[in-house]
Amino acid sequence: MTDSKITEQTDQQPETLVQIRGLYKKFNISGDFLDQLKFKGGKIVREQEFVHAINGVNLDIQKGEALCVVGESGCGKSTVARTVMGLITPSAGSISYRGERIDDLDDKQLLPYRKKMQMIFQNPYASLNPRMTIAQTLEEPVRLHNPDWSAQQVRDKVHEVMFSVGIDPSWGERFAHEFSGGQRQRISIARALAVDPEFIVADEPISALDVSIQAQVLNLLMDAQEKRNLTYLFITHDLAVVEHFGTRVAVMYLGSLCELAPTKTLFAKPRHPYTQALMSAIPRLEDDRPPHIKLQGEVPTPVNLPSGCVFHGRCPYANERCKQEIPKLITTDEGGQVACHGVEEGRI
Amino acid sequence: MTTENQTSANKMPVPEKAPSAWERFKETHVWHSFIKDRVAQISLTIFMGYVIMALFAPAIAPFDPYDPTQIDIMNSELPPSWDEEMGDEQFWLGTDAQGRDLWSTILYGTRISLTIGICAVLLQATIGIIIGLIAGYRGGRVDNILMRFADVQLSFSTMMVAIVVLAVFQASFGTELYQDLARIMLVLVIGIAEWPQYARTIRASVLAEKKKEYVDAARVMGLGQMRIMFRHILPNTLSPILVISTVQVANAIISEASLSFLGLGMPVSQPSLGSLISSGFEYIFSGAWWITVIPGIVLVVLVLVMNLLGDWLRDVLNPKLYKG
């Protein structure tokens, strides 16, 4: 399942922290056993339907980078994030952390990795337990992962992280509902930082915030990256944020990876037709920009995936091969990777 | 912002003192709606009256109905003291067929009824919360199996289970042992028969809660399932538990009274409100109405105020009702 070209490339890279290989995830939507039984052609048959949320994603996250995953809603980017964190078990494929496979471990075996990998959630109003004070929320992970620490050490650690995200440590006795959205997101970040992780998955951490607060939180994340030497997997749909924040960008469409490239390369010269359409949709204050590429039709349903390239139905360059064969990621001259027959054949 | 900094600066050596639980409670929606709602205030006052009566029954009651030396059969079936012909100043609410002071017996009976009701509900809640939490959190097959158990349990009516169990126990172990264990047996039977009410309610709220991101955050932290269930999810499902608890205590008291009325509950020597009503029932046509009617009124008022409190709590704690 592994693409040989990717393996070659990762060997040249400094250090791969998280490696995602051939990841598939399908969700059963056909209800319980009795709902699955259908009467067809005089026979009772069992029929199951699946939502194909991720379809063979290969992704390497390198130490120290901020890998941004972009795509429209429903393209599976959050599912990738949640699968990496072990919140969802993949249907097929593997996830490795520093070369150790982690997708098939149980809760106990995962515990040491939990300390290294943390997650920041999208909705700051739901991600803090409303019945716990901030101090309790922050102390819990510290205690869990450092069982031999004294109460004073735990408190010091909590004060340190609260201070570093700009929350006054004396507010610890308050409950989450007493804070604003931006403050809550800072607290969520503090919770993730409290166990000194090296890898953080951020699932649209700023999309639920006010625009004025978004920049603050983004800067906070960047400061933390610099000070604590963090690696991010950053899920977002805001391309302006990507340009500002990302080291590399992965573009997803309908559960597949279309293009993966360093941010500058991707913004300067998008290769995949979908990425090109996505980039042309960014509002800009320029007059002489190329016209907005309008895609035809709608995103197909992930229940019945199109054959071949998932994008072929809407791609202006699609030909017979695109309808038959699923494109593999190929390395481009600019150092990016793109999954497109057209690019491979030099048509685009 | 500045005041925050000042307070924290002033209190730097000691940890920040949060507002006390009572101060926080006074800010809540529950308190605000309580001080506006006359029915809730009256219900709570009456209920507290009952609780005090039950707690201090030995101190309040002029006689001890359990002490045979204080009972004189010659005083039997005396009407309440406001009956000028027959009434006796000594017995405010009259006496029952055995010459016990009705007021004292009602006080002790309320005590028994409330104890059995609350203990049975504690048992129901414990079983129901554990099963509901596990079913809701684990989902899938575990959920299916546990909820089918609940359905089976619900398809037997509480009264049927209780009557069968208690009658079989009474028949096989003898009335004497039964009378000693009546209290525990009633708690067990009512407690076990009604756990699905809790399990279903908890399961429903757990299903809603476990989709929230704080549960994912707890999982990502690496917390164990037990800790997530009991420390994170359970506290967030407390409001429905509180609501059904009030109604369930009332139901348990009624069940106990019904069983006692049928002769399967508390023995005549230690009457609960139900067995008191039952014992007076034989004399109601001979004119001694008070033995049945007065404990009956006491029971009805107790159940009524509990249901009113439960309704009020449900309205307050269900945001859809008060915001809609």
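Val70(A) lies opposite Val251(A) of strand S11 in chain A. The two strands concerned, S5(A) and S11(A), are parallel and are joined by four bridges; strands count as paired if DSSP finds at least two bridges between them. Strands (E, at least two residues) and helices (H or I, at least four) are DSSP runs numbered from the N terminus.

The model is predicted: local features need pLDDT of at least 70, side-chain atom pairs count only at pLDDT 80 or more, and totals for chains, interfaces and linings use all residues. Residues are numbered from 1 along each chain as its sequence is written, while chains are lettered from A and ligands numbered from 1 in the order in which they are written.

**The eight-stranded sheet of chain A**

S5(A) belongs to an open sheet of eight strands with mixed pairing, ordered S8-S9-S10-S5-S11-S12-S14-S13. Its edge strands are S8 (117-120) and S13 (330-331) of chain A, each pairing on one side only. Strand S5 (residues 66-70) of chain A also runs parallel to strand S10 (residues 231-235) of chain A, again with four bridges, and Val69(A) stands opposite Ile235(A) in S10(A).

Helix H3 (residues 77-84) of chain A packs on this sheet, touching S5, S9 (199-203), S10 and S11 (248-253) of chain A. Contact here requires C-beta atoms, placed from the backbone, to lie within 7 Å.

Five of the five residues of S5(A) are buried, so the strand is largely enclosed by the rest of the structure. A residue is buried if 20 or more other C-beta atoms lie within 10 Å of its own, exposed if 12 or fewer, and partly exposed in between. In a regular strand the side chains alternate between the two faces of the sheet. On one side of S5(A) are Ala66(A), Cys68(A) and Val70(A), and on the other Leu67(A) and Val69(A).

Helix H11 (residues 273-280) of chain A has Pro273(A), Tyr274(A), Thr275(A) and Leu278(A) as its buried residues. Their cover includes S11, strand S12 (256-262), helix H10 (263-268) and helix H13 (341-345) of chain A.

**The four-stranded sheet of chain A**

An open antiparallel sheet of four strands has the order S4-S1-S6-S7 in chain A. Strands S4 (50-62) and S7 (100-101) of chain A form the edges, each pairing on one side only. Strand S1 (residues 16-28) and strand S6 (residues 92-97) of chain A are antiparallel and share five bridges, with Arg21(A) opposite Ser94(A) in S6(A). H3(A) packs on this sheet too, touching S1, S4 and S6 of chain A.

| H3(A) | S10(A) | about 145 degrees |

Helices H6 (residues 102-138) and H13 (residues 238-261) of chain B pack at about 130 degrees, with axes 8 Å apart. The residues of H6(B) in this contact include Ser113(B), Ile116(B) and Gly117(B), and those of H13(B) include Ile241(B) and Ser245(B).

The contact between the chains takes 18 residues from chain B and 25 residues from chain A. Helix H1 (2-10) and helix H11 (213-221) of chain B each supply at least two residues of the chain B side. H11(B) gives the largest share of that side, seven residues.

Methods:
Axes fitted to C-alpha atoms, helices over the stretch in contact; angles between N-to-C directions. Contact = placed C-beta atoms within 7 Å.
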